[in-house]
Amino acid sequence: MSKIAIVTDSNSGITQAEAEKLGIYVLPMPFMIGGETFFEGINLTQEEFYEKLRTGVPVSTSQPAPDSVLRLWRRILLDYDQIVHIPMSSGLSGSCQTAMMLSEEFDGRVQVVNNQRISVTQRRSVEDAIRLAGKGMDAVEIKEFLEKDKFNSSIYIMVDTLYYLKKGGRITPAAAALGTLLRLKPVLQIQGEKLDAFAKARTTTSARQIMLNAVINDVTGRFGQPLENCGMWIDFAHTQNEEAAGDFQKEVLSHFPGAQSHIDPLSLSVSCHIGPGALAVAVTKRND
């Protein structure tokens, strides 16, 4: 049986300490902040990130340098036969395509998974990979399984402020001004490659109801599951909004008796485009 290593990036929400406990490897995502390079979970905490974001210092995302990826893989392959590398969604970053290109020089020993996940859904893919490797699957089989499973999840995100969407050019200044005037709370969706508009709400309460309804529709309609013991992960994420995320988790899970759940801070690669105060809920098919 091949000895398989699992690699992901910090967009999964898996910290370096958690990675060590799980026996996996996490590439820290780099950020350019005020002309300096920082690495998520290494020399950049969640608190420091939001503090810098609020000051108006220019913040931009980047992808891991090819050299850092290659060094990690080569070090791992001294002790492992194969690597399953699970980066963030190819629709949100070029890091997946870069990794796929870099893997070509490893004669199949490195398999890069393009299953279009991020944050809590990416975490679930990592957990699936660990379980499948434990069952004796090789890297190619794990990659194929995860890519076939890629559309079996959705994330819904309520944005608290339109400022950062406007700043990043994702909406026009006029739309942002109108939305701010009307106090709109847009709900975004990640299903597959892109971060897309899903609905508009006038209040936080109505935005939360929209997301709850979307999850119920996914579970009962898209996946054809009952609400009780639905066989889905119902996970939550937030941008510096932990207390509200906990309250929202209780509210949503009251509709899904027996569902298993997890809360993480939302990936900083998404957070820099939507700012603090956001809430997210994700529904993911369980494969255990």
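A word on conventions. The model is predicted, so local features need pLDDT of at least 70 and side-chain atom pairs count only at pLDDT 80 or more, while totals for chains, interfaces and linings use all residues. Residues are numbered from 1 along each chain as its sequence is written, and side-chain values use heavy atoms, with hydrogens and water left out.

The overall picture comes next. The protein has 11 helices and 13 strands, taken as DSSP runs numbered from the N terminus (helices H or I, at least four residues; strands E, at least two). Of its 288 residues, 52% count as buried; buried is under 20% relative accessible area, exposed over 50%, partly exposed in between, with a 1.4 Å probe and protein chains only. Among contacts (heavy atoms within 4.5 Å) between residues at least 6 apart in sequence, 74% join residues at least 24 apart.

Now the cores. A nonpolar core here is a set of buried Ala, Val, Leu, Ile, Met, Phe, Trp, Tyr and Cys residues joined through side-chain atoms within 4.5 Å. The largest one has 26 residues, and those touching the most other members include Phe 31, Phe 49, Ile 157 and Leu 266. Two or more residues each come from β3, α2, β8, β9, α11 and β13. Helix α11 gives the largest share, four residues. A second, separate core of 25 residues includes Ala 244, Phe 256, Leu 279 and Val 281.

Next, helix α3, residues 66-76. Which of its residues are buried? They are Val 69, Leu 70, Leu 72, Trp 73 and Ile 76. Seen down the helix axis, these fall within an arc of 165 degrees, so they line one face of α3; the arc is that of the directions from the axis to the C-beta atoms. That face packs against β1, β2, β6, α4 and β7. The face turned away from the buried side carries the exposed residues Asp 67 and Arg 71.

On to the aromatics. There are six aromatic pairs. Rings of Phe, Tyr and Trp (its six-membered ring) pair if their centres lie within 6.5 Å; planes under 30 degrees apart are stacked, over 60 edge-to-face, the rest tilted. Phe 49 and Tyr 50 have ring centres 5.1 Å apart and planes at 80 degrees, so they are edge-to-face. Both residues are buried. Ring pairs also link Phe 31, Phe 49 and Tyr 50 into a cluster.

Phe 236 and Phe 248 have ring centres 5.7 Å apart and planes at 80 degrees, so this pair is edge-to-face too. Phe 236 is in strand β11 and Phe 248 in helix α10, 12 residues apart. Phe 236 and Phe 248 are both buried.

Two charges sit over rings, meaning NZ of Lys or CZ of Arg is within 6 Å of the ring centre and within 35 degrees of the ring normal. Lys 3 has its charged end over Tyr 80, 4.8 Å from the ring centre. Arg 124 lies over the face of Trp 233, at 3.5 Å from the ring centre.

Last, Asp 235, in strand β11. Asp 235 is buried, with a relative accessible area of 0%. What does its side chain reach at 2.8 Å? The backbone nitrogen of His 262.

Conventions
Polar contact = N/O pair within 3.5 Å; in protein donor to acceptor, adjacent residues only side chain to side chain.
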